[in-house]
Amino acid sequence: MQAVFEVRTSILAFLSFLREMSAVCNSSGAIMRPTAKDLAEAAGVSLATVDRVLNNRPNVSKKAARSVQEAIERIGFIRNPAAVSLARNKSYKFRFILPKSGDLYLGELLRRVENLEAALKSDLTDIDCVQIPTEDAHGVAKYLTGISEETVDGIALMAPESPQVRDALMRLLERDIKVVQFLSGQEKLPAADFVGVDNFAAGATAGRLIGTFVRQTRGKVMIVAETMQSLDSIQRRHGFDTIINEQFANLTCLPSIETHADEKRASQIIGRVLESNKDVVAAYILSSEARIPLLAAAATSDLRNLSVVVHERTPFTEEGLRDGSINAVIALDPGHAVRSAVRIMRARADARELLAEQERLRIEILLKENL
């Protein structure tokens with residue numbers, strides 16, 4: 001009798017499995033992805049209950065929640081966030097917050113954001129971009145405080161490191177606004193994602209390149225940044241100094257020059273440094289904008305007599321590689337950075353896992369020969 005009961009139970013379970021599988025096959029017998037309706041039928045609950053379980057909403061009994069979870073495993077249900085958004089007519093609203101002051105590389109970033117904004121409109125994703133004076137930490141914090149979760153789902157911020165900005169970003173995260181630190185990060189803010197390169201490695205790469213280009217010549221290296229308040233500048237300088245001090249004893253690194261993206265200031269300070277240090281044999285522009293500092297240096301020295309390494313590919317740095325005034329460009333793809341920021345914000349909004357390998361940005365070294 002016991003054997004008959006077990007056989008009957010096994011047959012009923014098998015028939016139940018067949019009914020569940022028939023719900024995910026089309027008329028030709030091809031297996032299709034199970035839907036929420038299929039999941040509700042398999043779990044023996046209503047669609048409303050399935051929705052509450054999938055979105056972690058209250059008013060669901062433990063028994064119903066367990067039935068839904070078991071059915072998910074049984075029929076192989078995979079939630080499709082895009083389909084959910086489409087069904088609910090939900091759109092994503094993401095904002096890039098970039099510096100107001102900048103030059104050619106900032107223009108590249110703005111162009112890539114604009115291109116992606118147009119491309120994603122049909123995908124229920126609205127992207128906008130604002131430019132603010134990011135060197136004013138209190139002003140940035142005030143702007144971030146005014147962002148409403150009703151109008152913005154996530155932001156990608158490119159701004160120098162400061163306690164005021166870091167605290168304002170933490171408050172955004174507490175209000176469930178997704179935060180991406182874009183190209184320049186904040187110390188001690190692990191809860192926010194970061195899109196950018198390993199800046200210590202980028203600086204170390206620059207040190208290796210300049211040491212190789214200079215060879216055994218003794219002399220000084222002029223180092224120029226827009227600001228040393230930026231975490232990426234600090235990390236690049238650290239990486240650069242580490243390599244030079246450990247492996248190239250013939251080179252001495254001068255204190256960092258800060259231009260603050262001001263052409264007049266850059267011309268005066270860089271001209272003064274080069275006049276006072278006739279033994280400068282190399283220049284490292286560690287910020288993303290190379291045009292202003294190199295034009296200032298060219299007014300005093302022939303750049304072709306120096307070993308020059310800069311960051312980011314722009315029309316100016318490409319021309320510098322071609323005419324020999326720049327020896328190497330350490331670059332990242334601005335389009336990849338912008339797309340990665342949007343993918344991360346959307347994944348966080350959908351509570352999905354990130355594909356870490358897809359979002360890892362790598363630097364490339366450009367020479368005249370591989371342009």
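How far apart in helix H6 are Arg111 and Glu108, in terms of helical turns? They sit three residues apart in helix H6 (residues 104-119), which means they are separated by about one helical turn. Keep that pair in mind as we look around this model, which is predicted. The chain has 15 helices and twelve strands, and 45% of its 371 residues count as buried.

**The overall picture**

- Let's start with how the chain meets itself: among contacts between residues at least 6 apart in sequence, 70% join residues at least 24 apart.
- The structure also holds 17 salt bridges, and a few of them are described below.

**A salt bridge within one helix**

- Arg111 and Glu108 form a salt bridge, and their closest N and O atoms are 3.0 Å apart.
- Both residues belong to helix H6, where three residues of spacing puts them about one helical turn from each other.

**A salt bridge between a loop and a strand**

- Asp279 and Lys220 also pair up, with their side chains meeting in a salt bridge at 3.7 Å, N to O.
- Asp279 lies in the loop between helix H11 (263-276) and strand S9 (280-285), while Lys220 is in strand S6 (residues 219-225), so this pair ties together parts that are 59 residues apart in sequence.
- Asp279 counts as partly exposed at 36% relative accessibility, and Lys220 is partly exposed too, with a relative accessible area of 22%.

**A salt bridge between two helices**

- Glu263 forms a salt bridge with Arg291, and here the closest N and O atoms are 3.5 Å apart.
- This pair links distant parts of the chain, with Glu263 in helix H11 and Arg291 in helix H12 (residues 291-298), 28 residues apart.
- Glu263 is partly exposed at 49% relative accessibility, and Arg291 is partly exposed at 22%.

- Glu108 and Arg111 return here: salt bridges that share partners join Glu108, Arg111, Arg112 and Asp333 into one network.

**Cysteines and disulfides**

- A disulfide is a covalent bond between the sulfur atoms of two cysteines.
- How many disulfides does a search of the whole structure find? The search finds zero.
- As for individual cysteines, Cys129 is partly exposed, with a relative accessible area of 31%, while Cys253 counts as buried at 19% relative accessibility.

**Where two helices cross**

- Helix H3 (residues 47-54) and helix H4 (residues 62-75) have axes that come within 10 Å and cross at roughly 85°.
- That angle makes H3 roughly perpendicular to H4.
- On the H3 side, the residues that meet H4 are Thr49, Val50, Val53 and Leu54.
- On the H4 side, their partners are Ala64, Ala65, Val68, Gln69 and Ile72.
- What kinds of residues make up the contact of H3 with H4? They divide into seven nonpolar, two polar and no charged residues.

Note on methods: Residues numbered from 1 in each chain as written. Predicted model: local features only at pLDDT ≥ 70, side-chain atom pairs only at ≥ 80, totals over all residues. Heavy atoms only, no water. Salt bridge = Lys/Arg side-chain N within 4 Å of Asp/Glu carboxyl O. Helix = DSSP H or I, 4+ residues; strand = E, 2+ residues; numbered from the N terminus. Buried < 20%, exposed > 50% of the residue type's maximum accessible area, 1.4 Å probe, protein only. Disulfide = S-S within 2.5 Å. Axes fitted to C-alpha atoms, helices over the stretch in contact; angles between N-to-C directions. Parallel < 35°, antiparallel > 145°, perpendicular 65-115°, else oblique. Contact = heavy atoms within 4.5 Å. Nonpolar A, V, L, I, M, F, W, Y, C, P; charged D, E, K, R; others polar.
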